[in-house]
Amino acid sequence: MSESSGKHSPSRRRFLTSVAAAGAGAVAAGAARAAGPDPLITEVQDWARATGDGVDATPYGLPIEYEGDVIRRNVEWLTADTISSINFTPIHALDGTITPQGCAFERHHSGAIALKKEDYRLMINGLVDQPLVFSYADLERFPRQNHVYFCECAANSGMEWAGAQLNGAQFTHGMIHNMEYSGVSLRTLLEEAGLGAAGDLKDKWVYVEGADASSNGRSIPMEKALDDVLVAFKANGEALRKEHGYPVRLVVPGWEGNMWVKWLRRIEVMDGPVESREETSKYTDTLEDGTSRKWTWVMDAKSVVTSPSPQAPITHGAGPLVITGLAWSGRGAITGVDVSMDGGKSWQPARLAAPGQDKALTRFYLDTNWDGSEMLLQSRARDSSGYVQPTKAQLREVRGLNSIYHNNAIQTWWVKANGVAENVEVS
Ligand SMILES: Nc1nc2c(c(=O)[nH]1)N[C@H]1C(S)=C(S)[C@@H](COP(=O)(O)O)O[C@H]1N2
Ligand SMILES: [Mo]
């Protein structure tokens, strides 16, 4: 509510104060608004005096200027340069589950390239009956599918292993996006090339690589390649943005973002994994004893409260409060989310906005009446495999402190009585 017009009388101010003191909260604030003349209601406003923008003003729309805060952000010490870089989705400011492409996190190893559809080629070679090259127009002639999936970088929350570090859900959990992809099943394309030459498919792999300088090559076991992997060219109904791999990217549902090769260029059917850089020195987790976990492809169940959170403090005082967040699992659907306000001592079930979808983000809400005292706010996800999101202590017991990747531990926000929230750990 704006006080800038200066038209509010002292008595109105007192009235507002007394309502707040009575703890009547957000609902009564509406009644207070009616107590004095509100120029936003009683005066004719500029926007009603003349016509607005014409329909030709915005051939392609961007968010209104007042939403200029809902943007990707960097963490300076994580972004050595903008070529090998990462930025973060503003999950604290979004609702629902679909991430608009315009603010979905980006991770590039050698910058985002501009590749025309006409210059696009996808090769399938190796242990196939007939090596093939597809143009973009060729891909459009295969039967198409639509699926919503989350893409999470394995490094999401990686900075939080040793302790609470980054102050905001965008920074601790924002290496994730969730889009509706349209594309062709990888199985369809592999079958077009013919897998007879590969023999027994059980021990076969595909090696996928991109057209950018880094190529970001990764090995994927054939079982996954023939399961639900998509060769996608649309996201949320429109062409992939350049930064997400235009014109074609791989979608590897539930598996770490690094395998979602952008600007997809080549798929080789092989009799073993390549053990490339991105799957050996990177994206593996070193344990206490110095050995590393290998082939940790699946992103385990995880959740985070997006509001209130450090970038989305409570600004309305005690009373009705909507607590909300996101949950996801690479092993299937989210079946439930619990919320704790006391650092994990007690839990209550949150409401899922819609039944959990396979390997996609699920929105949860807890509609509560906040008593105005401080909270240690947490969320805990469960998935269709029966897996329950672990605490940081439980995860460290198994993995130690050397890891960077695959941190799916429960997150805590310390929400103070004034509504300000901070990233903390509870032991
Ligand atoms: N060709 C190519 N594919 C790539 C990358 C890359 O640098 N080059 N980065 C990978 C990583 S580490 C992640 S987390 C995802 C990020 O996808 P996004 O940029 O669309 O968010 O793309 C993956 N695919
Ligand atoms: Mo990543």
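A word on ground rules: residues count from 1 along each chain as written, and chains are lettered from A and ligands numbered from 1 in written order. In this predicted model local features need pLDDT of at least 70, side-chain atom pairs count only at pLDDT 80 or more, totals for chains, interfaces and linings use all residues, and side-chain values use heavy atoms, with hydrogens and water left out.

Me: Which residues does the domain assignment give to domain 1 and domain 2, and how far apart are the C-alpha centres?
Reply: The bounds come from an automatic or database domain assignment. Domain 1 takes 101-279 and domain 2 takes 302-424. Their C-alpha centres are separated by 29 Å.

Me: How many residues does each domain bring to the contact?
Reply: Contact here means heavy atoms within 4.5 Å. On that basis the count is 30 residues from domain 1 and 32 residues from domain 2.

Me: What area is buried between the domains, and which domain 1 residues lose the most?
Reply: Buried area is the accessible area (1.4 Å probe) that two parts lose on being put together, summed over both. Here that comes to about 2400 Å², with carbon and sulfur atoms giving 56%. On the domain 1 side, 32% of what is buried comes from the three that lose the most: Phe150, Trp161 and His173.

Me: How many polar contacts and salt bridges link the two domains?
Reply: A polar contact is a pair of N or O atoms within 3.5 Å; within protein, one must be able to donate a hydrogen and the other to accept it, and residues adjacent in sequence count only if both atoms are side-chain atoms. A salt bridge puts a side-chain nitrogen of Lys or Arg within 4 Å of a carboxyl oxygen of Asp or Glu. Between the domains there are 19 residue pairs in polar contact (both at pLDDT 80 or more), and the salt bridges number 2.

Me: Which element gives the most to the side of domain 1 that touches domain 2?
Reply: Helices (H or I, at least four residues) and strands (E, at least two) are DSSP runs, numbered from the N terminus. Elements giving two or more residues to that side are strand E5 (145-152), helix H6 (169-173) and strand E6 (176-185). The top giver, with 5 residues, is H6.

Me: Which residue pairs with arginine 265, and what does the pair tie together?
Reply: Side chains of opposite charge can pair when their charged atoms come close. Arginine 265 makes a salt bridge with glutamate 209, with the closest N and O atoms 2.6 Å apart. Arginine 265 sits in strand E12 (residues 264-270) and glutamate 209 in strand E7 (residues 205-210), so the bridge ties together parts 56 residues apart in sequence.

Me: What is the phi of tyrosine 283?
Reply: Tyrosine 283 is in the loop between E12 and strand E13 (285-286). Although not a glycine, tyrosine 283 has a positive phi of about 60 degrees.
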